[in-house]
Amino acid sequence: MSTLPSAPSINREGLNDDQLRQFYVTMLRIRRFEEKVKELFLDARLYGSVHLYIGEEAVAAGACAALRDGDVISSTHRGHGHGIAKGLELGPMMAELMGKATGYNFGKGGSMHIASLDHGMLGANGIVAAGIPIATGAALGFWIRGSREVALCFFGDGGANHGAFHEGINFAATLKLPAIFLCENNHYAQYQPVTQDLPVSNVADRAAAYGIPGVIVDGADVLAVYAATRRAAERARAGEGPTLIEAKTYRFEGHFLGDPESYRAKEEVAAARTERDPLTRFATLLTQLGLAGAEDFQRYDDAVRQEVAAAVAFAESSPEPSPDLLLTDVYDVDGRA
Amino acid sequence: MGGHEWRNEYAKKAASVMSEVSYSQALNMALREEMRRDPRVFCLGEDIKESTYGVTRGLYEEFGPRRVIGTPISETAIAGAALGAALVGMRPVAEFMYMTFMMSAMDQLVNQAAKMKYMFGGRALLPIVFRTMAGAGRSNAAQHTQSLETWFAHAPGLKVVMPSTPYDAKGLLKTAIRDDNPVIFIENKLLYATAKEQVPVAEYTIPFGQAAVRRTGEHVTIVGLQRMVEIALAAAAELASAGIEAEVIDPRTLVPLDLDTIVASVQKTHRLIVVHEAHERMGAGAEIIAQVVAHAFDYLDAPPQRIANPNVPTPFNRMLEELSIPSVAQVVAAVQSLLS
Ligand SMILES: Cc1ncc(C[n+]2csc(CCOP(=O)(O)OP(=O)(O)O)c2C)c(N)n1
Ligand SMILES: [Mg+2]
């Protein structure tokens, strides 16, 4: 009888070893980037309204891996992870968070408005649920052109109670637009527990109201998020219309940097950190599959920390935007964006 | 009664008369007093139990879940629910934490609440307060820094209130709650914590449409809206050392506007500057200047000036943001050029 633990049998969704490892690296890049952001904020080297994504990394990493170049995402106030997973570089992202001239938005947007249309990132957003109709519109553009791209919208459980949720999804459903509505249910909308504002058990239950599939996934399981998003993307590309995916997740940090977090028990957060950490979980899986060992994880971590340090150095050594920029970009003047 | 006891009694009494409070505490006092006074008054809004800036703090504990209602993130429903409740005899105080979120509720605010009384031939009482917070200065970028008072001042049927001190915040909020019309009650992000003063614990209200003259002077009139009153006063202090006496006027309510006080001041000083955080174009400054020109044209010695946001969304970068907000230096320079 063998005493060796057998490798767990998982559905690899057709992904090769490197692709699986890449999930981990993407999540790690988000985690280390944001840990650094927090540190810099507390040191007053970075300012503004900052909402951390730590704990929710598997959602962005899994979902964006299921998209192709040309597909687009719309994001939220908690958008760093979405941007990184969609391929934005850490240097210009960090620079934007510091309001520097080398940031993606030349320092005019900051954390809540990071965007890079070149990467198909249609913007973080300071307005809850505003990204939902915007994703519907992007999908509408693809649909009119008859092209094969999809638009994916990240939004929160709180966003599911805004009128824009209903209007945006219903519209997309009526035309069977190539859209994916991905709710990150992290169990809180600011200080309100999700149960207080949501009279149904799941956001995904609302899909029935629009005649589209509603899918629930474990948001701490990057492969599960990937699989659900891939199916939704295939459906969308096949002209079958939108899908509402609900990823059950948890934010480890406060609503914003500076949140005293009086609305939830420290034990609840501690338990989530030990039981629901998407990185720990996936590291365990990679280990069990024999795809990575302690040395590999150390190597990933060293490389990512270096990348983050370089991003900080880039951002901190970048110039402030020139005062003239205050008055530019309100209107287009030459059609070149 | 021994001397000591007497002094203690006296101290207690004095403390019960005036209390040093912040702007947000003053607003909290007003809500509490009005909710105690009238069971029809209730509050609704997102996260008002926790209350980030403390304005509604403790109200849930005192008044319970039927009078302090935390809502989903549904601004149209918040505004509409306030309106509907008013139509059946309640006196709602709805909160939109940032003024920018009111944009999600414009139909209920402007198409419904503002016009309903008129459309119904006057046969409706709409005693609603829509509380919100405006102003830039904390690196919140373009969406979370808007000062949109003129959007609402432009809609007949709404009153627009903009207190600049804790004393006014309390007195004006109480008046707003007792008013039988929809009132857009605009608070200011930076004033919440920074503005502090002695405020009577006892009952008082401040009527709408009465400006406050914050400083008297004979050379120039500076009208400042909300936090810009502070800026105007700082500029006036600087100008005084150069022998220029500015009169600083705080309209306190934009609708109704106390034009008489402003006109009387301009008749004395012959010069006018209006300072506000909202965009310059079509802003309150344009309206105030137009009215003054219409009523006191012959008294003006120089073209009236506006100092306001230069028609750009608020940038995130804090140096750019600072450039977008009227400054003491700008006001001083404008006064000097008016007088030269
Ligand atoms: C329309 C609108 N209303 C209110 C807010 C204030 N606000 C910012 S984030 C937030 C909570 C959002 O909760 P959720 O959608 O669950 O996202 P999470 O923060 O949990 O990621 C609120 C109420 C806003 N930004 N936009
Ligand atoms: Mg949430």
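**Figure 1. Polar contacts hold the view on A:H77 and ligand 1 in this predicted model.** A polar side-chain atom of A:H77 sits 2.7 Å from an oxygen atom of ligand 1. Chain B contributes as well: a polar side-chain atom of B:E75 lies 2.5 Å from a nitrogen atom of the ligand. For A:Q190, the distance from a polar side-chain atom to a ligand nitrogen atom is 3.5 Å. Ligand 1 on its own exposes 580 Å², and the protein buries 96% of that area.

**Figure 2. The shell around ligand 1 draws on two chains.** There are 19 residues around the ligand. Those that come nearest are A:H77, A:R78, A:G126, A:N186 and B:E75. The site is shared between chains because residues from both A and B surround ligand 1. Sorted by class, the shell holds 6 nonpolar, 9 polar and 4 charged residues.

**Figure 3. A:D43 pairs with A:R45 in a salt bridge.** The closest N and O atoms of this pair are 3.9 Å apart. The cut-off for a salt bridge is 4 Å, so the pair counts. Is A:D43 buried, partly exposed or exposed? Its relative accessibility is 46%, so A:D43 counts as partly exposed. A:R45 is also partly exposed, at 36% relative accessibility.

**Figure 4. A:K248 meets A:E246 in a salt bridge.** The N to O distance between the two side chains is 3.0 Å. A:E246 has a relative accessible area of 0%. Buried means under 20%, so A:E246 falls in that class.

**Figure 5. B:R214 and B:D168 form a salt bridge between a strand and a helix of chain B.** Their side chains meet at 2.6 Å, N to O. B:R214 belongs to strand β9 (residues 212–215), and B:D168 to helix α7 (residues 166–178). The two residues are 46 residues apart, and the pair links distant parts of the chain.

**Figure 6. Shared partners join salt bridges of chain B into one network.** The members are B:E33, B:E34, B:R37, B:K170, B:K174, B:R178 and B:E203. Over all chains, the count comes to 44 salt bridges.

Terms used: Residues numbered from 1 in each chain as written. Chains lettered and ligands numbered in written order. Predicted model: local features only at pLDDT ≥ 70, side-chain atom pairs only at ≥ 80, totals over all residues. Heavy atoms only, no water. Near = heavy atom within 4 Å. Polar contact = N/O pair within 3.5 Å; in protein donor to acceptor, adjacent residues only side chain to side chain. Areas by Shrake-Rupley, 256 points an atom, 1.4 Å probe, with all protein chains shown as cover. Nonpolar A, V, L, I, M, F, W, Y, C, P; charged D, E, K, R; others polar. Buried < 20%, exposed > 50% of the residue type's maximum accessible area, 1.4 Å probe, protein only. Helix = DSSP H or I, 4+ residues; strand = E, 2+ residues; numbered from the N terminus.
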